[in-house]
Amino acid sequence: MKLYNIKENDEQVSFGQAVRQGLGRNQGLFFPSELPTFDDIDGLLAEDFTTRSAKILSALIGDELAPEKVSEMVNAAFQFPAPISQVKDGVYALELFHGPTLAFKDFGGRFMAQSLAAVSNGGKITILTATSGDTGAAVAHAFYGMENINVVILYPKGKISPLQEKLFCTLGKNIHTVAINSDFDACQSLVKQAFDDQALRDEIGLNSANSINISRLMAQICYYFEAAAQMSKEERENLVVSVPSGNFGNLTAGLLAKALGLPVKRFIAATNVNDTVPRYLENGQWDPKPTIATTSNAMDVSQPNNWPRIEELCRIKQWGLDTLGKGAVTDEQSAESVKELNQLGYLCEPHGSIAYRVLGEQLQPGETGLFLCTAHPAKFKEVVDDILGTDIELPAPLAKHAAMELLSEELDNDFEALKTVLRRVQK
């Protein structure tokens, strides 16, 4: 598999290089030079989840890793299901929260850990990533205890849910967590500054586990196929998928699934009030505004890193950006949708409810709707309990970490201070 840097096309790398490197020159994202297509989609969808996923990922990676090795990696990473649940006639929820950290990031985080182990040459690696909530836990648990790998996770202090914070800031060992006195976009900016510092990259073996890393993105393609596999052929013929969107890795993966042959009629980009992309799709002006804190904090992103990949894919496939659905939802509207879903007998949290709401506004008669539920409602217990007047019971992983002490250190938005931390954890 060859990948090229979207910003500087002459930089071409292998899958292994892309996984180890994370970003290309000039903070460019890597993108596959060729995309395979699957002609017998019905046959592929008849396979079980891990067998199908291994075939998809092996076709993407190519001969760089043997199919048997990719199958082994998938079986180690995808040890939990991605079921769909019908909430009403013609509308399904894709539940991506059945992994160890109860969020969709478990799929990408665990496959990236397997990929990095497969392509690593044994040298020491420092993984630096920013999280708006769920990435941190998924990456921390995927890499916890791995030899020669240190993980540094930046997150905006006070802007993720307390239970999200507990889930990845209580591990210790090779997992180092840093609360930044700013917002998520500042955390992302610090990560990008670190990758721009070539001397630092070489010194500490810098890598990233954000959805900028191609291995994470590739893993996410697989659960779109899994969702369609659980539907009847008639249902998936007119499938509309609504994706709660922050950094836009999830939507990128969905569009890649379509490019590989998955029959999706259209996708909808559903955001909260941090609506850079919906406004861009409306008026053609890329105009990020200051990030606003919301109850759907994992989507509190004003400058989504993965958007250039979506534009690149649409250019290659000659898909007009106007074919993408879009919508932005306020906290009040999100809460209304949490209540509506609860009345239908389905417990949801704000990110999923945003995708559900925009889907409901745009679904046409005869279409099948699918919205992504990216986190377990208990990860947003305070918000959901407040909306519904309930007391959600904590699943075992959350209950365990909720009782543990936070191990994070606190930093201002200061790159020199971050460099000191990065060098210290290597020693």
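**View 1. Helices α5 and α6 cross in a right-handed manner.** In this predicted model, a crossing is called right-handed if the near helix is turned clockwise from the far one by less than a right angle, and left-handed if anticlockwise. Helix α5 (residues 105-119) packs against helix α6 (residues 134-143) at an angle of about 35°, and their axes are 8 Å apart; axes are lines fitted to C-alpha atoms over the stretch in contact, with angles from 0 to 180 degrees between N-to-C directions. Helices are DSSP runs (H or I, at least four residues) numbered from the N terminus. The contact (heavy atoms within 4.5 Å) includes Lys105, Met112 and Leu116 of α5 as well as Asp134, Ala138 and Phe143 of α6.

**View 2. Trp307 pairs with the ring of Tyr280 and with that of Trp286.** Rings of Phe, Tyr and Trp (its six-membered ring) pair if their centres lie within 6.5 Å, and planes under 30 degrees apart count as stacked, over 60 as edge-to-face and the rest as tilted. Tyr280 and Trp307 are edge-to-face, 6.1 Å centre to centre with 90° between the planes, whereas Trp286 and Trp307 are stacked, at 6.3 Å and 20°. Trp307 is buried at 3% relative accessibility, while Trp286 is partly exposed at 36% (buried means under 20% relative accessible area, exposed over 50%, partly exposed in between, with a 1.4 Å probe and protein chains only).

**View 3. Lys258 lies over the face of Trp319.** The distance from the ring centre is 5.2 Å, and a charge sits over a ring if NZ of Lys or CZ of Arg is within 6 Å of the ring centre and within 35 degrees of the ring normal.

Residues are numbered from 1 along each chain as its sequence is written, and side-chain values use heavy atoms, leaving out hydrogens and water. Local features need pLDDT of at least 70, side-chain atom pairs count only at pLDDT 80 or more, and totals for chains, interfaces and linings use all residues.

Technical notes
Helices (H or I, at least four residues) and strands (E, at least two) are DSSP runs, numbered from the N terminus.
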